[in-house]
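Visitor: I'd like to know where the labels on this model come from. Can you take me through them?

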Amino acid sequence: MIRHVLAAVAALVMVAGCGTDQAAAPSADRELILATTTSTQDSGLLDELLPAFTKDTGWRVKPLAVGSGQALELGRRGEADALLVHSPEAEVKFVAEGSAGQRRLVMHNDFVLVGPSADPAGIKGVPAVEAMKKIASGSAGFVSRGDDSGTHAREKQLWQQAGIKPTGSWYRSTGQGMGATLRVAAETSAYTLTDRATYLTQKPALDVLNEGDKALLNIYHVIEMTKKAGERVQPDGAKAFADWMVGAKAQQMIGDFGDGKLFVPDAGKAEATLGS
């Protein structure tokens, strides 16, 4: 369904461009769909990378910013050509299904636990799992994305490691992206788990109270889809995007983005060495 809509839009734009600059008119067969995370959009990173990719390759990109789980599902249904996601365990299982091509390391940043400056649960400076226990034991407010995103997956891992099943009035799920979830947490003086890049760009009225734990490492991979996912998949576009993302130019842009404070470029590195 997504591809039918995009093709129709592309056709209308081409018709509207007749008699003007035909070379600038987008072509449906040179437009790829990128399913990615809300954090890459909310941080502003996509706004930097995608125009440069189009300029270098001629491929236009239609980004769909959703949770990592939803991005993987779009790939599974053949509704996306490439994925840029940060849910490693789910990604490994997804690739093992056989419809995806290469999965390559792109970058990382970290998750942080943020909350009101008064820190009623006393989570500052303790290990991340212990922080989750303190939040639950004190019934301090916690706002979850609850959207099957990479951030939500990491949150659930932390609760599991803490031996806690979060329920009750103190625990709220938004079902929305990171930016919206941060706003709700700020409005209700609650804690939440966020990627650092979105926190720094959104600047909510919350403090970073817990950081630096290796359990909070946030790793992004690019995944190419293949025709095994569906005949509408454009593997040439997927490969062009993935190659560009791990290439020198994109890696430099990632490292420079946000004055070098938001993401660390990792192409070619051994994943086991990250965060050490």
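Guide: Let's start with handedness: a crossing is left-handed if the near helix is turned anticlockwise from the far one by less than a right angle, and right-handed if clockwise. H3 passes H11 in a right-handed crossing. One caution: this is a predicted model, where local features need pLDDT of at least 70 and side-chain atom pairs 80 or more, while totals for chains, interfaces and linings use all residues. Residues are numbered from 1 along each chain as its sequence is written, and side-chain values use heavy atoms, leaving out hydrogens and water.

Visitor: Why is H3 called roughly antiparallel to H11?

Guide: The axes of H3 (residues 45–57) and H11 (residues 248–256) cross at roughly 160° and come within 11 Å. Angles over 145 degrees count as roughly antiparallel (under 35 roughly parallel, 65 to 115 roughly perpendicular, the rest oblique), so H3 is roughly antiparallel to H11.

Visitor: What makes Trp170 and Tyr171 an edge-to-face pair?

Guide: Rings of Phe, Tyr and Trp (its six-membered ring) pair if their centres lie within 6.5 Å; planes under 30 degrees apart are stacked, over 60 edge-to-face, the rest tilted. Here the centres are 5.7 Å apart and the planes at 70°, so Trp170 and Tyr171 are edge-to-face.

Visitor: How do you know whether Trp170 is buried or exposed?

Guide: Buried means under 20% relative accessible area, exposed over 50%, partly exposed in between (1.4 Å probe, protein chains only). Trp170 has 13%, so it counts as buried.

Visitor: And why is Arg232 called partly exposed?

Guide: Arg232 comes out at 36% relative accessibility, so it counts as partly exposed.

Definitions and conventions
Axes are lines fitted to C-alpha atoms, for helices over the stretch in contact, and angles run from 0 to 180 degrees between N-to-C directions. Helices (H or I, at least four residues) and strands (E, at least two) are DSSP runs, numbered from the N terminus.
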